[in-house]
Amino acid sequence: MNKYLLLAALLATLGACGKSGSDASSNGATPEASAGKAIDFVTTQDGAPLKIDVVLFDTPSAKEFLATGKNPYIGNEEAIAKGKKVFQMYSCVACHGGHAEGAVAPGLIGPNFKYAKNATNKGMFETIWHGTNGGMGAKGIGLMDPTDPKNGITPDEALKVIAWIRSQGTGVTGNE
Ligand code: HEC
C-alpha cells in the first residue's frame, strides 16, 4: 500500500492528476497533450502503479499517448510497417506467430484476450512494457535487459508494434 501512497504523492507534486479513482475514465479525456497531463500506468501483473520516465516519450505521438491513452498510430500505414519490423526484431513473432495469430504464446488479435485490458492500447502498452507473470517478459527499455539500460522497446516503438498488431485483427482498434 505504501507504493500507492508514494505514487499519489508524486502525482500530486507533479500536478498531473491528484484525484483517485479516475483510472477507468482517464482514457476519455480531452487531448491536451501540451498541458502536461499524464495517464497513470499500472502493471499487468497486479495492477500496481507503473512508473515510466516521461523523458522516454520523445515523439509527438508518444507524448499524445502519454496525455490521452490513445494510440495515434492506429491505422497509420507507415507506423504499422515499422511496427511489423519491431515485432520481428524483438522476437514477438517467434512466440506469437507471424500474423500475431498465436503460436506457443496466445494470439494478440482479439477480440478476446487472456488479460482483458489488452483490448485497450493503454493496457497492451503496459503488458508489453512490463510483461506478465505467465511467460511474457518485460520489453520496455531498461527493463528487458537489466544489464543494459539502453536495451528494449521505446514507448514510440511499442505504440507502432501495437498499431501493427491491431492491423492484423478483427476491428479492435484499442482506442474505443
Ligand atoms: C518468449 C516468448 C515471447 C515473446 C518473445 C513475446 N511474448 Fe508476448 N506473451 C508470451 C506469453 C507466454 C504470453 C502469455 C502470458 C501469460 O499468460 O501471462 C504473452 C502474452 C502477451 C500479451 C497479452 C495477450 C493476452 O491475451 O492478454 C501481449 C499483448 C503480448 N504478449 C505482446 C508481445 C509483444 C508485442 C512481443 C514483442 C515485443 C512479445 N509479446 C514477445 C510470450 C512471448
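Tutor: The largest share of the shell around the ligand comes from H4, which gives 4 residues. This is a predicted model, where local features need pLDDT of at least 70, side-chain atom pairs count only at pLDDT 80 or more, and totals for chains, interfaces and linings use all residues. Residues are numbered from 1 along each chain as its sequence is written.

In total, 24 residues surround the ligand. A residue is near a molecule if its C-beta atom, placed from the backbone, lies within 6 Å of it. The closest are Cys92, Cys95, Thr132, Gly134 and Gly135. Helix H4 (92–96) and helix H5 (121–130) are the elements that give two or more residues to this shell. Helices here are DSSP runs (H or I, at least four residues), numbered from the N terminus. By class, the shell has 14 nonpolar, 8 polar and 2 charged residues. Ala, Val, Leu, Ile, Met, Phe, Trp, Tyr, Cys and Pro count as nonpolar; Asp, Glu, Lys and Arg count as charged; the others, Gly among them, count as polar.

Most residues other than glycine have a negative phi, and most peptide bonds are trans. Ser91 sits in the loop between helix H3 (77–89) and H4. Its phi is positive, about 65°, although Ser91 is not a glycine. Ser91 counts as exposed, with 11 C-beta neighbours inside 10 Å.

Go on to the loop between H4 and H5, where Ala100 is found. Ala100 also has a positive phi, near 60°. Ala100 is buried, with 24 other C-beta atoms within 10 Å. Pro111 lies in the loop between H4 and H5 too. The peptide bond from Gly110 to Pro111 is cis, with omega near 5°.

The axes of helix H2 (residues 60–68) and helix H6 (residues 155–167) come within 9 Å and cross at roughly 85°. That makes H2 roughly perpendicular to H6, a term for angles of 65 to 115 degrees. Axes are lines fitted to C-alpha atoms over the stretch in contact, and angles run from 0 to 180 degrees between N-to-C directions. Ser61, Ala62 and Phe65 of H2 make the contact with Pro155, Asp156 and Leu159 of H6. Contact means that C-beta atoms, placed from the backbone, lie within 7 Å.

Note on methods:
A residue is buried if 20 or more other C-beta atoms lie within 10 Å of its own, exposed if 12 or fewer, and partly exposed in between; C-beta atoms are placed from the backbone. Angles under 35 degrees count as roughly parallel, over 145 as roughly antiparallel, 65 to 115 as roughly perpendicular and the rest as oblique. Two residues are in contact if their C-beta atoms, placed from the backbone, lie within 7 Å.
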